[in-house]
Amino acid sequence: MTGTVSAGIPVSADSRPRHVAIIMDGNNRWAKERRLTGVAGHRAGVDAVKSVVETCAREGVEVLTLFAFSSENWRRPKDEVSALMKLFVFALEREVRKLHRNNIRLRLIGDRSAFNSTLQELMAKAEELTCNNTRMTLVIAANYGGHWDIAQAARQVAEKVKDGQIQPSDITDDLLQQHLSIGDLPMPDLMIRTAGEQRISNFMLWHLAYTELYFSPVFWPDFKEDEMRKALLAYAGRQRRFGQTDDQITATPSPQ
């Protein structure tokens with residue numbers, strides 16, 4: 001699952017996604033409908049995370065990426081941001097061992113420099129504890145943005161050109177992808193966004209080039225096993241062409 005992954009556009013895909021990415025939206029609206037605080041909605045969203053992780057692991061999904069906190073989310077009210085940080089700490093302290101017991105590897109992507117030292121230390125420990133697990137990789141995107149990801153990859157490549165390690169002519173799609181946050185993992189086959197919004201909000205811009213999109217009207221706290229299975233079933237019923245014609249797709253053998 002890890003190693004060099006080509007940035008080239010594939011020619012076929014299985015009916016089961018290898019990599020599912022999710023924008024978890026609607027926690028605040030879920031809480032507002034119930035006359036609860038936004039923080040209560042985020043807490044309820046943690047239960048949905050557990051359910052979706054369990055469902056994807058059972059269904060054989062190799063990688064699950066969850067958009068937990070975007071680089072734009074710092075603009076939210078300070079008390080909400082503070083509560084989200086505390087919830088993040090709680091999850092890293094309490095839930096990571098459960099992931100480890102279930103042979104699930106945790107990776108965290110995004111600019112960690114904005115988080116306090118305690119949270120950064122917990123992130124590093126969580127990744128270290130689970131680094132050898134093989135059942136599934138759970139990627140949490142925190143203080144992450146697609147523009148940031150591409151820019152930091154470009155900076156790394158530019159430094160190599162500056163140091164004489166490579167020439168500008170050596171820069172290819174594959175080379176740039178190798179410097180992205182999860183450039184070693186399969187590209188997302190399916191991207192889900194909950195709560196009825198139909199946009200990708202600066203999430204994995206490079207990675208979503210040929211990803212199937214699925215928009216659910218369900219608020220994230222209510223997006224649990226049944227809803228996850230609906231999304232997987234919808235994906236299984238789609239024909240991914242990757243720029244080809246229907247006849248070409250029909251003639252291409254399915255991957256084993």
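Is Thr 37 buried or exposed?

1. Thr 37 is exposed, at a relative accessible area of 51%. The cut-off for exposed is over 50%. This is a predicted model, and the value is computed from it.

2. Thr 37 sits in the loop between α1 (27–33) and α2. Its C-alpha lies 9.8 Å from that of Asn 27. In sequence, Thr 37 and Asn 27 are 10 residues apart.

3. Next, the helix pair. Helix α2 covers residues 38–58 and helix α3 residues 78–94. They pack at an angle of about 25 degrees, and their axes are 10 Å apart. Angles under 35 degrees count as roughly parallel, so α2 and α3 are roughly parallel to each other. Their crossing is right-handed.

4. On the α2 side, the contact is made by Val 39, His 42, Arg 43 and Val 46. On the α3 side, Glu 80, Ala 83, Leu 84 and Leu 87 make it. By class, the contact of α2 with α3 has five nonpolar residues, one polar and two charged.

5. The largest nonpolar core has 42 residues. Ile 22 and Leu 64 have the most contacts inside it. Helix α3 gives the most to this core, with six residues.

6. Leaving aside residues up to four places away in sequence, Leu 64 touches His 19, Val 20, Ile 22, Val 52, Val 53, Cys 56, Met 136, Thr 137, Leu 138 and Val 139.

7. Another core, of 14 residues, lies apart from the largest one. Among its residues are Phe 67, Tyr 144, Phe 203 and Met 204.

How values were computed. Residues are numbered from 1 along each chain as its sequence is written. This is a predicted model: local features need pLDDT of at least 70, side-chain atom pairs count only at pLDDT 80 or more; totals for chains, interfaces and linings use all residues. Side-chain values use heavy atoms; hydrogens and water are left out. Axes are lines fitted to C-alpha atoms, for helices over the stretch in contact, and angles run from 0 to 180 degrees between N-to-C directions. Helices (H or I, at least four residues) and strands (E, at least two) are DSSP runs, numbered from the N terminus. Angles under 35 degrees count as roughly parallel, over 145 as roughly antiparallel, 65 to 115 as roughly perpendicular and the rest as oblique. A crossing is left-handed if the near helix is turned anticlockwise from the far one by less than a right angle, and right-handed if clockwise. Contact means heavy atoms within 4.5 Å. Ala, Val, Leu, Ile, Met, Phe, Trp, Tyr, Cys and Pro count as nonpolar, Asp, Glu, Lys and Arg as charged, and the others, Gly among them, as polar. A nonpolar core is a set of buried Ala, Val, Leu, Ile, Met, Phe, Trp, Tyr and Cys residues joined through side-chain atoms within 4.5 Å. Buried means under 20% relative accessible area, exposed over 50%, partly exposed in between (1.4 Å probe, protein chains only).
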